[in-house]
Amino acid sequence: AFPIDQLLKDQWQFENTGSISFTRKKTKAGADAKIKKAWEFMGNTGSSDIRIALIDSGFDLQHGDFRGKVVAPYDISTGSSRLRTGIPMETHGTPCASIALANADASGLIGVAPKAHFIPVQKPSFAANDLKKMIQHCVNNGADIISASWGTIDPNFHLNDYKKSIIKWAATKGRNGKGCIILFAAGNEGVNKINNFALMPEVIAIGATDSNDEHPSYSNTGRE
């Protein structure tokens, strides 16, 4: 049986039927990521053997979306497994994680991979040594996927060879030698330029699309 979470019908990215009920907004039927079709193809909603690492800030690990699935939380600024909470304006990590892996518990929304386990890493940094700590923690704790919805297009924070070697190591040696799947945001500056971290061939650059199958103006574009 497939999930019956209350907001699933309004998560148009899973299955776009042509409208969003609670807003009465008309959308383009079929403009979605085919998530429900993927579940049907697999005959399930994913595997609990999968670990998704999210590098972000502002994780509410007490949220019901994450009950029973948090593994190896890590705060790079303190080197602790206890994440700092209640920091003003740092609320980005919770929704990013929920979209990926929120529990199927018949309440609220549901994640794309609701059975997956969750490695929360806080907080993003452009510094080379911090990048090494973040990526190594993900790989060493069995991350299959590393997702990072942050970055910069500022040339002052370009990726030097050392930073590139860290990401390449995860993409080739992680996941028991199969390589981690690494995702970085393309960026939300609305320009034809991609986040520095998403320029590498080992990284999948993620841009936005809307419920009418159009490209939002805020989402960066580029060859990647």
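Is aspartate 32 buried or exposed? With a relative accessibility of 18%, aspartate 32 counts as buried, where buried means under 20% relative accessible area, exposed means over 50%, and partly exposed lies in between (1.4 Å probe, protein chains only). The structure is a predicted model, in which local features need pLDDT of at least 70 and side-chain atom pairs count only at pLDDT 80 or more, while totals for chains, interfaces and linings use all residues. Residues are numbered from 1 along each chain as its sequence is written, and side-chain values use heavy atoms, with hydrogens and water left out.

Side chains of opposite charge can pair when their charged atoms come close. A search of the whole structure finds six salt bridges, a salt bridge being a side-chain nitrogen of Lys or Arg within 4 Å of a carboxyl oxygen of Asp or Glu. In one of them, aspartate 32 meets lysine 34 at 3.1 Å, N to O, and lysine 34 is partly exposed, with a relative accessible area of 35%. Another joins lysine 36 to glutamate 15, whose closest N and O atoms are 3.2 Å apart. This pair links distant parts of the chain, since lysine 36 lies in helix H1 (residues 35–42) and glutamate 15 in the segment before strand S1 (19–20), 21 residues apart; helices (H or I, at least four residues) and strands (E, at least two) are DSSP runs, numbered from the N terminus. Both partners are partly exposed, lysine 36 with a relative accessible area of 26% and glutamate 15 with 36%. In a further salt bridge, between arginine 84 and aspartate 75, the closest N and O atoms are 2.7 Å apart; here arginine 84 is partly exposed at 35% relative accessibility, whereas aspartate 75 is buried at 0%.

The largest pocket has a volume of about 1500 Å³. On a 1 Å grid over the protein atoms alone, a pocket is an open set of points where a 1.4 Å probe fits, with protein on both sides within 12 Å along at least five of seven lines, and lining residues have an atom within 4 Å of a point. The lining holds 48 residues, of which Cys96, Ile99, Ser149, Ile206 and Gly207 lie nearest the centre of the pocket. Strand S3 (51–55), helix H2 (93–101), strand S6 (145–148) and strand S7 (181–185) each supply at least two lining residues, and the largest share, four residues, comes from H2.

Ile206 also belongs, with Ile181 and Ile204, to a nonpolar patch on the surface that has about 240 Å² of accessible area together. Such a patch is made of residues with over 30% relative accessible area and no salt bridge, its nonpolar side chains (Val, Leu, Ile, Met, Phe, Trp, Tyr) being joined within 5 Å. Isoleucine 181 lies in strand S7 and is partly exposed, with a relative accessible area of 35%.

Threonine 27, in the loop between strand S2 (25–26) and H1, is buried at 11% relative accessible area; threonine 27 and asparagine 212 are 185 residues apart in sequence and 5.2 Å apart in space, C-alpha to C-alpha. Most residues other than glycine have a negative phi, and most peptide bonds are trans. The peptide bond from glutamine 122 to lysine 123, however, is cis, with omega near 0 degrees, and methionine 89 has a positive phi, near 75 degrees.

Methods: Points joined across faces, edges and corners; volume = space filled by probe spheres on them. Patch = residues over 30% accessible without salt bridge, like charges linked within 9 Å, V, L, I, M, F, W, Y side chains within 5 Å. Areas by Shrake-Rupley, 256 points an atom, 1.4 Å probe, with all protein chains shown as cover.
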